[in-house]
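Subject: Structure handover

Hello,

Here is the structure I promised to pass on. Please open it first, then read my notes below.

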Amino acid sequence: MVGVASTVAVAAALLVVGGGVASAAPAFQVPFPCGQVWDGQTRTNHSPANAVDFNRANDSGDAVVAAAAGRVSRVDNEGSVSYGRWIEIDHGSGWRSRYAHLSAQRVSVGQNVSRGQLIGNVGSTGGSTGPHLHFEQTLNGSAQKAVFNGTQALYWGTRAYTSRNSC
């Protein structure tokens, strides 16, 4: 019995740290201040398909906060195409989060941010057709199905999410 337990423990450790495989995802939270309720929408024709678009009434200019702690790896402005104004945060072990269509970016490349820290504001920049936050979680450059508060986002459709970010 001990031998089986040891084998399982070693195999689990290898999955976490060995062979270039990333460790467990950060404890991602909804990227808005504590207690706010946002509608998150996913759809198959979205690019990437696993991205979540967040909306609520009169959301233009609302605060966007870091979904998890990390280091800002990119702050970009693509003008009137694609993501427009966007931010990417590196959370380590291959995990990153992206925040797009922002009206303002409140961080700079290389800056360390804590979960719940203000990083930008909801906007309608780039290829957006109205104010919203386009949010992605990636692992080693591949889009992942988003997880908030330890639960996978609803795919495909719309669900209301209540932020527990830094409550």
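Predicted model: local features only at pLDDT ≥ 70, side-chain atom pairs only at ≥ 80, totals over all residues.

Arg-43 counts as partly exposed, at 28% relative accessibility.

Asp-53 has a further partner. A polar contact of 3.3 Å joins its side chain to that of His-134.

His-134 lies in strand 10. Is it buried or exposed? At 2% relative accessibility, His-134 counts as buried. Its side chain also makes a polar contact of 2.7 Å with the side chain of Glu-136. Leaving out residues up to four places away in sequence, His-134 touches a list of residues that includes His-46, Pro-48, Tyr-83, Arg-98, Tyr-99 and His-101.

**Strand 10**

Six of the seven residues of strand 10 are buried, so this strand is largely enclosed by the rest of the structure. Its pairings are as follows.

- Strand 2 pairs with strand 10 in the antiparallel sense, over three bridges. Val-52 stands opposite Phe-135 there.
- Strand 6 runs antiparallel to strand 10, and six bridges join them. Here Tyr-99 stands opposite Phe-135.
- Strand 11 (residues 142-144) pairs with strand 10 over three bridges, again antiparallel. Thr-138 has Ala-143 in strand 11 as its bridge partner.

Strand 10 and strand 11 form a hairpin with two residues between the strands. In that hairpin, Asn-140 takes a positive phi near 50 degrees.

**The core**

How many residues are in the largest nonpolar core? It has 27 residues. Those with the most contacts inside it are Phe-54, Tyr-99, Ile-119 and Phe-148. Four strands each supply at least two residues of this core: strand 2 (52-55), strand 5 (85-92), strand 6 (95-100) and strand 10 (133-139).

**Strand 1**

In a regular strand the side chains alternate between the two faces of the sheet. Now look at strand 1. Trp-38, Gly-40 and Thr-42 make up its covered face. Val-37, Asp-39 and Gln-41 make up the uncovered one. Strand 1 runs antiparallel to strand 14 (residues 157-162), and six bridges join the two. Val-37 stands opposite Thr-162 in strand 14. Strand 1 is also joined to strand 2, by three bridges, and these two run antiparallel. Gly-40 stands opposite Phe-54 in strand 2. Phe-54 is one of the core residues named above.

Three bridges join strand 3 to strand 9 (residues 118-121). Val-65 stands opposite Leu-118 in strand 9.

**Other salt bridges**

The count of salt bridges comes to seven.

- Arg-56 and Asp-62 meet through their side chains at 3.0 Å, N to O. Arg-56 is partly exposed, with a relative accessible area of 29%. Asp-62 is buried, at 17%.
- Arg-74 forms a salt bridge with Asp-76, and the closest N and O atoms are 2.6 Å apart. Arg-74 is partly exposed, with a relative accessible area of 36%.

Which residues form a network? Salt bridges that share partners join Glu-88, Asp-90, Arg-96, Arg-98 and Glu-136 into one.

**The chain as a whole**

The protein chain has one helix and 14 strands. It has 167 residues, and 39% of them count as buried. Take the contacts between residues at least 6 apart in sequence: 62% of them join residues at least 24 apart. The accessible surface comes to about 8000 Å², and 53% of that belongs to carbon and sulfur atoms.

Best wishes

Notes: Residues numbered from 1 in each chain as written. Heavy atoms only, no water. Core = buried A, V, L, I, M, F, W, Y, C linked by side-chain atoms within 4.5 Å. Buried < 20%, exposed > 50% of the residue type's maximum accessible area, 1.4 Å probe, protein only. Pairing = 2+ DSSP bridges. Salt bridge = Lys/Arg side-chain N within 4 Å of Asp/Glu carboxyl O. Contact = heavy atoms within 4.5 Å. Areas by Shrake-Rupley, 256 points an atom, 1.4 Å probe, with all protein chains shown as cover. Polar contact = N/O pair within 3.5 Å; in protein donor to acceptor, adjacent residues only side chain to side chain.
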